[in-house]
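I opened my notebook to look at how a ligand sits in its protein. Come and read along with me.

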Amino acid sequence: MGYLDNTPNKPFNMLDATANLTSEEVASIWANVRAKMRSELGEAAYKSWVKPLTLASIDNGQAKMTVPTRFIRDWILSRYGDRLLAFLKEENANIRTMEITIASSMRNSESTSNDLYAPQSENDIDEATLASLDDDNDTSDGTQITSKLDPRFTFENFVVGKPNELAFAAARRVADSETVPFNPLFLYGGVGLGKTHLMHAIAWQVKKKDPSKKVLYISAEKFMYQFIRALRYKTTMAFKEQFRSVDLLMIDDVQFISGKESTQEEFFHTFNALVDQNRQVVISADKSPSDLEGLEERLRSRLGWGLVADIHPTTYELRLGILQSKAEQLNADIPQDVLEFLAHKVSSNIRELEGALNRIVAHASLVGRPVTLENTQEVLQDLLRASDRKVTIEEIQKKVAEHFNIRISDMHSARRSRTVARPRQIAMSLSKQLTQRSLPEIGRKFGGRDHTTVIHAVRKVEELCGKDHSFAEDVNLLRRMLEG
Ligand code: ADP
Ligand code: MG
């Protein structure tokens, strides 16, 4: 209902919007979601991945599902997670998150009867899924397994700054050395900070120096896929041979094989065989070996034996340097103030920075106008708004909960005692002030509350600030901490 609630004494809408669903309703939601997944994925993939999934309940806006194995769960989450959540939301707008847990009781029972076909491990992936993984980025004609190298990802095009100087120096050393300087070279860092770029650069450089060198660059995901395929077609000897006969092996995004035991096993042996023959191995991941979860201990420790080099988040200077270099490459004439503005505003990762630059260059050439600070702000409006929104509701909830010594879960809970209700109202009011979120969005983040509850909280906090000096100070202090 659209009316605004002005009566402060009316009880808040504490009801979880998804709490009243009957089991029939849950079943019907699930039937519809499954039907949509089936038509999207096709029969074979549906049978392997979606069918073993059960929707157990929906509460507090969270759809809770179970699967028989961890492997299926990881697979679903990494490949179909977005779609699954989107379909769930389509069926019921109050669903905000989902969770897939492993129903351990099913694991050892007769869950693998003919009726319920569920892959138990990497070895069990069906043909349709294998085929869907086979993209044109590969030259996997049965004799050669390597992914294409991006011609732009060279050392020449890599801008060096404080955050990446160690990784860069290590990569150069590996590429230029006649011997193996450290094995493996392990590069790690967040998304879009240049790991893949450095690996490709090593490959180009090694090939340039000596075209006869066998270099194999592949993502860990593709490695797994090739391995499964080899098992399927009983070509594991050829598979092993291929990987073990290279001079330089590079595996990108190795975090992908966490929890995938047979792939790890195979990778471990490949790795050892190469290191024993004194061949160079380069690995990348989003975390350091010691922080990678789901990795077998012996593999984890082995990965840390060589040189571990991290790439830190970018600095302003590095971002500006990268922008200047990219603008030159694009042959685009971009005023210095625009570059500085972008370096200042787009700080998340380099991929986004590049995207922003490409957009303004494309826009300028389309409309036939030079790039100015003004039209940059206009063209990048959506992106800039997103990066302006620095404080998140979650951060606000955390800070406020810490300040008042209550649990974060009380921000979502239905508890109404004043010790938790007041801090919750303060957090709602700060969310309204410090984020761009709408009232209904804020309400949803507080345990699925109604927007009128948020309005009431904002008013209540204002009112108390006017009446109670120390209350006002508390709120101001919190605001300054969150803004700073
Ligand atoms: P990651 O593999 O760490 O996620 P990428 O290597 O794919 O990141 O880098 C993302 C994009 O940013 C690529 O287009 C890459 O060329 C560019 N990039 C990253 N670091 C640099 C750098 N230091 N200099 C120039 N371009 C960079
Ligand atoms: Mg990468």
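I started with ligand 1 in this predicted model and found 18 residues around ligand 1, counting a residue if one of its heavy atoms lies within 4 Å. The closest are Val159, Gly192, Thr196, His197 and Glu354.

Next I looked up polar contacts, which here are pairs of N or O atoms within 3.5 Å. A side-chain N or O atom of His197 is 2.7 Å from an oxygen atom of ligand 1. For Arg351, the distance from a side-chain N or O atom to an oxygen atom of the ligand is 2.9 Å. Lys326 brings a polar side-chain atom to 3.1 Å from a nitrogen atom of ligand 1.

How much of ligand 1 does the protein bury? I noted 94% of the 560 Å² that ligand 1 exposes when taken alone (Shrake-Rupley method, 1.4 Å probe).

Helices H7 (195-209), H12 (316-329) and H14 (350-367) each give two or more residues to the shell; helices are DSSP runs of H or I with at least four residues, numbered from the N terminus.

Then I turned to a helix pair. The axes of H17 (residues 393-404) and H21 (residues 469-483) come within 11 Å and cross at roughly 135°, with axes fitted to C-alpha atoms over the stretch in contact and angles running from 0 to 180 degrees between N-to-C directions.

My bookkeeping: residues are numbered from 1 along each chain, chains are lettered from A and ligands numbered from 1, in the order written. Local features need pLDDT of at least 70, side-chain atom pairs need 80 or more, totals for chains, interfaces and linings use all residues, and side-chain values use heavy atoms, without hydrogens and water.

Definitions and conventions:
A polar contact is a pair of N or O atoms within 3.5 Å; within protein, one must be able to donate a hydrogen and the other to accept it, and residues adjacent in sequence count only if both atoms are side-chain atoms.
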